[in-house]
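This briefing goes through one protein model, topic by topic. Please keep the sequence and the structure in view while reading.

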Amino acid sequence: MAWRIRSARPDLKLILHAVDISRQAVEFAERGVYSVDSSQLAPTRVLEHMTTAEIDELFDRNGDVVSVKSWLREGINWRIGDVGAPQVLEPLGLQDIVVANNFLCHMDASDADSCLRNIARLVRPQGYLFVSGIDLDVRTQVACDLGWQPVEELIEEIHEADAGMRNDWPFHYGGLEPLNKIRRDWRVRYASAFELGSSSIPSSDGAVQDETFQRLTQQT
Ligand SMILES: C[S@@+](CC[C@H](N)C(=O)[O-])C[C@H]1O[C@@H](n2cnc3c(N)ncnc32)[C@H](O)[C@@H]1O
């Protein structure tokens, strides 16, 4: 993400907060050193979807070992934390963009639902939330409840981007349902990016939910 954003917008000052509940995962990611030799313990899956040109842009190479370039490592705050916990907000504060990919699918629907609502509290008004690798019923429900606007740009390309996830459907819990435009709610169901409104906290009378849900499901 740092590479994409810094390459496209070198004028921006980019500060990232990277959070994982596992100390091991945080330390491994912060080290940013990977083996390109598949017989080594350090997993090469990090690199498996990257072209040689991309690897050269992101990493310094020393034999079979690659390390993330220093201009990409700077400005990243590494933290151990449970993003399902309400107190996660305090040290992080409101963010322009929040990315929550590929971990909510490991939770049951109720835990994923409450964790996603908690994460959404990190997004500043009119900021963006990217969330994939999650049960689509859970994501759709939360998006409609909280009045999130699906970002339609590249919606199909992003949904279809990971062939591995699609191939797992419907036999594996992490499998991704094919995009189906017959569904009236397809724009919200298959969006992975959302613009969040002035508040992700639903009104007590449910007005936000009703209005957004009707608009999204009436579009065909
Ligand atoms: C499959 S990895 C996904 C990593 C990365 N987001 C990606 O898309 O490649 C799932 C990670 O989520 C972390 N995780 C699971 N539950 C979490 C929670 N409640 N708070 C923070 N991290 C969590 C796990 O420790 C693990 O490192």
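Ser 22 caps the N-terminal end of helix H2, which spans residues 23-31. In this cap, a side-chain oxygen of Ser 22 lies 3.3 Å from the backbone nitrogen of Gln 24. The model is a predicted one. The points below start with this helix and then move to the ligand, the surface and some backbone details.

**Helix H2 and its ends**
- At the N-terminal end of H2, the capping residue is Ser 22.

**The ligand and its surroundings**
- The residues around the ligand include Ser 22, along with Asp 20, Ile 21 and Ala 25.
- Also among them are Gly 81, Asp 82 and Val 83, as well as Asn 101, Asn 102, Phe 103, His 106 and Met 107.
- A polar backbone atom of Ile 21 is 3.1 Å from a nitrogen atom of the ligand.
- Asp 82 places a polar side-chain atom 2.8 Å from a nitrogen atom of the ligand.
- For Val 83, a backbone N or O atom lies 3.0 Å from a nitrogen atom of the ligand.
- The ligand taken alone exposes 600 Å², and the protein buries 59% of that.

- Gly 84 sits in the loop between strand E5 (76-80) and helix H5 (89-92).
- Gly 84 counts as partly exposed because its relative accessibility is 34%, a value between the 20% and 50% cut-offs.
- Cys 115 and Asn 118 are in contact with Gly 84, leaving aside its neighbours within four places in sequence.
- Gly 84 and Ala 112 are 28 residues apart in sequence, and their C-alpha atoms are 8.5 Å apart in space.

**Asp 113 in helix H6**
- Helix H6 covers residues 109-120 and holds Asp 113.
- The side chain of Asp 113 makes a polar contact of 2.7 Å with the side chain of Arg 117.
- Beyond its neighbours within four places in sequence, Asp 113 is in contact with Val 138 and Val 142.

**A nonpolar patch on the surface**
- Met 1, Ile 97, Val 99, Tyr 128 and Phe 130 form a nonpolar patch on the surface.
- Together these residues have about 440 Å² of accessible area.
- Strand E6 (95-101) and strand E7 (123-132) each supply at least two residues of the patch.
- Val 99 lies in strand E6 and is partly exposed because its relative accessibility is 35%.

**Backbone details**
- Gln 126 lies in strand E7 and has a positive phi of about 65° although it is not a glycine.
- With 40% relative accessibility, Gln 126 counts as partly exposed.
- Leu 154, another residue other than glycine, has a positive phi near 60°.
- Leu 154 is found in the loop between strand E8 (149-150) and helix H8 (155-159), and its relative accessible area of 48% makes it partly exposed.
- The peptide bond from Trp 169 to Pro 170 is cis, with omega near 5°.
- Pro 170 lies in the loop between helix H9 (163-168) and helix H10 (186-189).

**The protein as a whole**
- The protein has 11 helices and 9 strands.
- Of its 220 residues, 35% count as buried.
- Among contacts with a separation of 6 or more, 71% are between residues 24 or more positions apart.
- The accessible surface of the protein comes to about 13200 Å², and 51% of it belongs to carbon and sulfur atoms.

Methods: Residues numbered from 1 in each chain as written. Predicted model: local features only at pLDDT ≥ 70, side-chain atom pairs only at ≥ 80, totals over all residues. Heavy atoms only, no water. Patch = residues over 30% accessible without salt bridge, like charges linked within 9 Å, V, L, I, M, F, W, Y side chains within 5 Å. Areas by Shrake-Rupley, 256 points an atom, 1.4 Å probe, with all protein chains shown as cover. Salt bridge = Lys/Arg side-chain N within 4 Å of Asp/Glu carboxyl O. Helix = DSSP H or I, 4+ residues; strand = E, 2+ residues; numbered from the N terminus. Buried < 20%, exposed > 50% of the residue type's maximum accessible area, 1.4 Å probe, protein only. Contact = heavy atoms within 4.5 Å. Near = heavy atom within 4 Å. Polar contact = N/O pair within 3.5 Å; in protein donor to acceptor, adjacent residues only side chain to side chain.
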